[in-house]
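Have a look at the model first.

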Amino acid sequence: MIRNTTPLALALMLAIPAYAQTAAPAPAPVPSAAERNAIVNAELPADQAALKSHVMFLASDAMKGREAGSPEFNIAAQYVASQFYAAGLKPAGDDGGYLQGVPLVNYKLEAPGTMAVTRRKGQPVALEFGKDFISSPNPETPNYTVTAPVVFVGYGIVGEGRDDYKGVNVKGKVVAFFGGAPESMPSEVGAHFSGAGAKSEIAARHGAIGYITLESPRTAKQRPFAVLANFATRARFTWGNADGTGHITAPGVPSLGTVSMAGGARLFDGARQKWEAVLKAAEADNAVFKAEALATSVTVAAKTALTPVQSYNVAGLIPGSDPTLSKEVVVLSAHLDHIGVGRPDKTGDTINNGALDDAVGIASLIEEAKRFKTAGTKPRRSILFLAVTAEEKGLIGSDYFANHPTVPAENIVADVNLDMPIITYKFQDIVVYGAGHSTLGPIVERAGKAIGVPLSDDPLPGENIFVRSDHYNFVRKGVPSVFLWPGAGGPGRAAIDDFMKNHYHQPSDEVGQLPAIDWESGVRFVDVNYRIAREIADGDQRPVWNKGDFFGLTYNGPGAK
């Protein structure tokens, strides 16, 4: 799972996660080598041993953390392809194979860019990099200069009863908006709007040519501007266009940078609204702003260095048995990559093995495929098993697939995503992100009841989990999607807190170092996901968005009213 993607953290996927700043159980003592071997080699029933065997390989030190684009990731991809073959899946990648090539692009600022603000009939005033602003690299246009008037549009949100663009014309202009979203919004909708991607889409629909993110008193508490500045030149990733440039969410509408509260005063020079009053209003949980064409224009310039990196998704298909419904495809997804080799922990270990994040998800995907193979009847709809790359770099592999599907895009009817199931305890409930948005909700509820577990609320509210895994890219294409986690009931709360504090994106996310993985719970997790996929695949009706649902209406998904 990618790190927290609050607005000002979008450029900082590798920054310290919020979890590390919160209280949680102390880590257990580090097991000795003999203790680790005893844990790894413990005998298990066949179904549990099968699940564990995949994790042992994928999360071994030999895989060096499966960083997207690395030779070790490629080995892991070939392993998954071989398991898909053994499970009887048909190749669904490129050129009759299981692999879909994903042209990643590593991009970063070549040097600090420049930004100048000019008041009408005035002289340009240069802002100071790192104090007043930080530039954004632009993989789509690596060497760019933009000069345009600035329009303030509050949070930059249109939807859920808000229109932050009301009364202004932004065509051919740069919009400036605060990061984040009002707390009055439903959590998953607020998570969607908290990301700059959704806001750039809105800006594009209104004719803007770029956007600036404004620091506010609220976002400054989450990520101080000085922290952002320290990471401004760090490399980021996207997928590549055919011409070798990098994809951005809203083509032609790039991020032009982030402006600090100090720099914002320059943008608002001569504005009807005083910057101090706007900042004061921004302190409120559910602030509403008046859009305004400011009295200033900006000139922004930056150069971006691009480096191509090749990686792969892995795709295998079970063709459906129904003459009509077999054209429709249910996607089951999980991410194969992790974060690779990093700084040594207190034991000197540098390999971030990613056992729970997300080797267990991939293992579950493989074992689900085997269940379909051994089932007495074939599914009516086709099922695509998809192991994606570069989730940890910003959901890139799934975004590439969503934009370049290996099956007809209009035939994809649902996505069920498996990411980082924490199975160090016997879960008593399940959390299903996205369940309330479509007819998938009753399906997942029935699947949970079938194994004796109810649906429960998000155990990590405020962490924007809904937009932090691969199902979100299917949602953005109008496909009803869900993402499952074991819940926080019973021992779950303490287990989740322990993992997030002491093991998430750390070398200790490894078989033998984690608190003992409960492989029986892993099998139950496979079971509930199989039941969900089976019911979707065999249902008479394809999943649809609930009437009036925000995501269905926003992305014109099938069944949106």
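Predicted model: local features only at pLDDT ≥ 70, side-chain atom pairs only at ≥ 80, totals over all residues.

## A buried pair

E201 is buried, and R476 is buried as well.

The average pLDDT for the chain is 91, and 92% of the residues score at least 70.

Two stretches call for some care. Over residues 5-24, pLDDT stays under 50, and the model has 49 contacts beyond four places in sequence for them. Residues 557-561 also stay under 50 in pLDDT, with 14 contacts beyond four places in sequence.

## More charged pairs

Side chains of opposite charge can pair when their charged atoms come close. How many salt bridges does the count come to? The total is 20 salt bridges.

K426 is one of the residues involved: K426 forms a salt bridge with E520, and the closest N and O atoms are 2.8 Å apart. K426 lies in the loop between β16 (412-418) and β17 (430-433), while E520 is in helix α15 (residues 519-538), so this pair ties together parts that are 94 residues apart in sequence. K426 counts as partly exposed because its relative accessibility is 46%, and E520 counts as partly exposed at 40%. Elsewhere, salt bridges that share partners join E183, R218 and D285 into one network.

Then there's K64, which forms a salt bridge with E72, the closest N and O atoms being 3.9 Å apart. Are the two partners buried or exposed, or something in between? K64 has 43% relative accessibility, so K64 counts as partly exposed; E72, at 16%, counts as buried.

## Where α2 meets α15

Back to α15, the helix that holds E520. Helix α2 (residues 46-58) packs with α15 at an angle of about 95 degrees, and their axes are 9 Å apart. That angle makes α2 roughly perpendicular to α15.

Which residues do the touching? On the α2 side they are D47, Q48, L51, K52 and V55, and these meet W519, E520, G522, V523 and V526 in α15. Sorted by class, this contact of α2 with α15 has five nonpolar, two polar and three charged residues. E520 turns up here as a contact residue as well as in the salt bridge with K426.

## Two residues up close

D429 is found in the loop between β16 and β17, and K426 lies in that loop too. D429 counts as buried because its relative accessibility is 8%. Leaving out residues up to four places away in sequence, D429 touches V453, P454, S456, P486, G487, A488 and G489. The C-alpha atoms of D429 and W485 are separated by 8.9 Å, although the two residues are 56 residues apart along the chain.

T118 lies in strand β3 (residues 114-119). With 18% relative accessibility, T118 counts as buried. T118 touches Q123, P124, A295, T296 and S297, again not counting residues up to four places away in sequence.

Conventions. Residues numbered from 1 in each chain as written. Heavy atoms only, no water. Salt bridge = Lys/Arg side-chain N within 4 Å of Asp/Glu carboxyl O. Buried < 20%, exposed > 50% of the residue type's maximum accessible area, 1.4 Å probe, protein only. Helix = DSSP H or I, 4+ residues; strand = E, 2+ residues; numbered from the N terminus. Axes fitted to C-alpha atoms, helices over the stretch in contact; angles between N-to-C directions. Parallel < 35°, antiparallel > 145°, perpendicular 65-115°, else oblique. Contact = heavy atoms within 4.5 Å. Nonpolar A, V, L, I, M, F, W, Y, C, P; charged D, E, K, R; others polar. pLDDT = per-residue confidence, 0-100.
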